[in-house]
There are 2 protein chains.
Amino acid sequence: MTESQGFGDMLVWLSLVIQRRYAQICTDHDLTSAQASLLCVVKDRPLRMAELAANLGMAKNALSQLVDRTERRGLVQRESPEPDRRVITLGVTPAGKKVAEALYADVADRLPDIAADLSPDDQQHLRRIATLIATANLPGPC
Amino acid sequence: MTESQGFGDMLVWLSLVIQRRYAQICTDHDLTSAQASLLCVVKDRPLRMAELAANLGMAKNALSQLVDRTERRGLVQRESPEPDRRVITLGVTPAGKKVAEALYADVADRLPDIAADLSPDDQQHLRRIATLIATANLPGPC
DNA sequence: TGCCGAAGTTCATGCCGTGAACTAACTTCG
DNA sequence: CGAAGTTAGTTCACGGCATGAACTTCGGCA
């Protein structure tokens, strides 16, 4: 009954297209999608593990292991700066910062390619709508 | 320099939001995202492995293993209908068909929730734009 | 016949996420 | 003070997933 076909369906395909391009850009920087997202979230300021887990929408144990792998590569480091000695914050190393910035720039540069065939109006629409949905549905940063 | 902040970035977040909701709906039907997508692609007509791999954007070997797991659950079955005995086509079982249709309906029903806060105009924009990008960037079905 | 290429598969490896059990550190309150 | 409960984070075993490399089978072509 939903007219044309599959709004939901189309959203899934859209996300697959984005996901694929993103993964490609990440591997060009020798990163996985998960590690790349992690890096981008902490690139400007350290965050606690719990906050990070919420931001990325993953369980604490999954995050812990992701951090293990990323730390092993020297891109990120655990710190324990608070009086409460249980809390661990995660920051980037200088190397990680460089990688993060290069990746971020590349994403900004190459990811919008998927929208290259759209009219300028539609590109603006998409940008606006993506921002709305992302900020509305993520416990997120801002 | 790109105004406001991060078009590329926003697209990534958008795709994460969609991906998460989709994964949730899939697990509600006891499926993984990959198996769900596979099922939806073959639910109406059988396809060759090579075509499937192209449609889903994955390597042939990855597909082969995905099919193994999905076939083991009795949702899908390999056939060898052509004179060329190398080609294998993949079709759904009756059980698989039922699951696929229930899932598809649920996706159509619940996935657009993420856009619920948008104005009706924006929802139409999003639907249209998603369709454009998806069909333009997928070797896909149509 | 003999050789090349295409369709699928198999294997080993590594990343990723989950559930369950665990440690260490703080908090509460008698 | 000190025992009970809570919170932050980790560890482990397991399964799904993707990749690269090697392999089998089959068709095409000379």
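**Where chain B meets chain A**

Modeller: Chain B brings 45 residues to the contact and chain A brings 45 residues, where contact means heavy atoms within 4.5 Å. This is a predicted model, in which local features need pLDDT of at least 70 and side-chain atom pairs count only at pLDDT 80 or more, while totals for chains, interfaces and linings use all residues; side-chain values use heavy atoms, with hydrogens and water left out. Residues are numbered from 1 along each chain as its sequence is written, and chains are lettered from A, with ligands numbered from 1, in the order in which they are written.

Between chain B and chain A about 4,800 Å² is buried, and carbon and sulfur atoms give 73% of that area (buried area is the accessible area, with a 1.4 Å probe, that two parts lose on being put together, summed over both). The two chains are also linked by two salt bridges, each defined as a side-chain nitrogen of Lys or Arg within 4 Å of a carboxyl oxygen of Asp or Glu. In a salt bridge between the chains, Arg128(B) meets Asp122(A) at 2.8 Å, N to O.

Helix 1 of chain B gives the most, with 15 residues. By class, this side of chain B has 27 nonpolar, 11 polar and seven charged residues, with Ala, Val, Leu, Ile, Met, Phe, Trp, Tyr, Cys and Pro counted as nonpolar, Asp, Glu, Lys and Arg as charged, and the others, Gly among them, as polar.

Turning to the strands, chain B has an open sheet of three strands in the order 1-3-2, with antiparallel pairing (two strands pair if DSSP finds at least two bridges between them). Strand 1 (47–48) and strand 2 (76–79) of chain B stand at the edges with a single partner strand each, so one side of each has no neighbour in the sheet. Strand 1 of chain B pairs with strand 3 (residues 89–92) of chain B over two bridges, and Arg48(B) stands opposite Thr89(B).

In chain A, strand 3 (residues 89–92) is antiparallel to strand 2 (residues 76–79), joined by four bridges, with Arg78(A) opposite Leu90(A).
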